[in-house]
Amino acid sequence: MSDTPAEIQIVPMATNHLAPVLKIEKTVFRDSWTASSFLEVIRMSDKSWVALCGEGVAGYLVTQWVLDEVHILNLAVTVPMQRQGIAAKLMQFLIDLCGNSGMRDLFLEVRVSNLPAISLYQRFGFRQLTLRKSYYPDGEDAWVMHSRLETHDESAHEANELNERGREG
Ligand SMILES: CC(C)(COP(=O)(O)OP(=O)(O)OC[C@H]1O[C@@H](n2cnc3c(N)ncnc32)[C@H](O)[C@@H]1OP(=O)(O)O)[C@@H](O)C(=O)NCCC(=O)NCCS
């Protein structure tokens, strides 16, 4: 991964981000979300963020939190700023937030042909869970991907077990 531009800042998505977000959305997706989808997301929850590079929107992440599950609904980075670690930064931000909020299960759907995104998600511990046939309007299948985060307690427990085994062995 190349170096993330130092000045990237992650802030909650707001209505003033709508125009640049829509511009990115239309460029990178065949079945892009509409302005009203994003407005609904901004109105209904505080679980969507933009990555700002200076004043400009470089990327965004939209999630939905349902009980103890987090669903990634949308993630994109503007084409000229791709491969600079911005999506990775958004994903790490989300995972840290989930860890601190006690949310453990993360899910998403991704086109089976979207190898860059699949690679990104795998880097963050997601695994293909099941295939949704003809999930997209053009008939393409989706992978449902899942990641289960360890709680701090579980990590500490595992570290203790390893220590114990080390002493026994
Ligand atoms: C997928 C996407 C969000 C990645 O954003 P990005 O900022 O370029 O990704 P990063 O620079 O943070 O890359 C992180 C990792 O993702 C994977 N990745 C990203 N782009 C990739 C590419 N073109 N080919 C292969 N792997 C890629 C790699 O594992 C990469 O790590 P590496 O650079 O060490 O190999 C971006 O390509 C995008 O906006 N695509 C169009 C929208 C989309 O498909 N969104 C996902 C919908 S589910």
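Predicted model: local features only at pLDDT ≥ 70, side-chain atom pairs only at ≥ 80, totals over all residues.
## Helix packing, core and strands

The axes of helix 1 and helix 2 lie 10 Å apart, and the packing angle is about 130 degrees. The crossing of the two is right-handed.

Now for the core. The largest nonpolar core has 31 residues, and the members touching the most others are Val-50, Tyr-60, Leu-61, Ile-86 and Leu-90. Elements that give two or more residues to this core include helix 1 (18–28), helix 2 (35–44), helix 3 (86–101) and strand 3 (56–66). Take Leu-61: setting aside neighbours within four places in sequence, its contacts are Ser-48, Trp-49, Leu-75, Leu-90 and Leu-94.

Strand 7 (142–148) is another of the elements giving two or more residues to the core. On its covered face sit Trp-143, Met-145 and Ser-147, while Ala-142, Val-144, His-146 and Arg-148 make up the uncovered one. Strand 7 also has these pairings:

| Partner of strand 7 | Sense | Bridges |
|---|---|---|
| Strand 5 | antiparallel | seven bridges |
| Strand 6 (residues 127–132) | antiparallel | five bridges |

Down at the residue level, Leu-106 stands opposite Ser-147 of strand 7, a residue on the covered face. Arg-127, in turn, stands opposite His-146 of strand 7, which belongs to the uncovered face.

Methods:
Residues numbered from 1 in each chain as written. Core = buried A, V, L, I, M, F, W, Y, C linked by C-beta atoms within 7 Å. Buried ≥ 20, exposed ≤ 12 C-beta atoms within 10 Å, placed from the backbone. Helix = DSSP H or I, 4+ residues; strand = E, 2+ residues; numbered from the N terminus. Contact = placed C-beta atoms within 7 Å. Pairing = 2+ DSSP bridges. Axes fitted to C-alpha atoms, helices over the stretch in contact; angles between N-to-C directions. Left-handed = near helix turned anticlockwise from the far one by under 90°.
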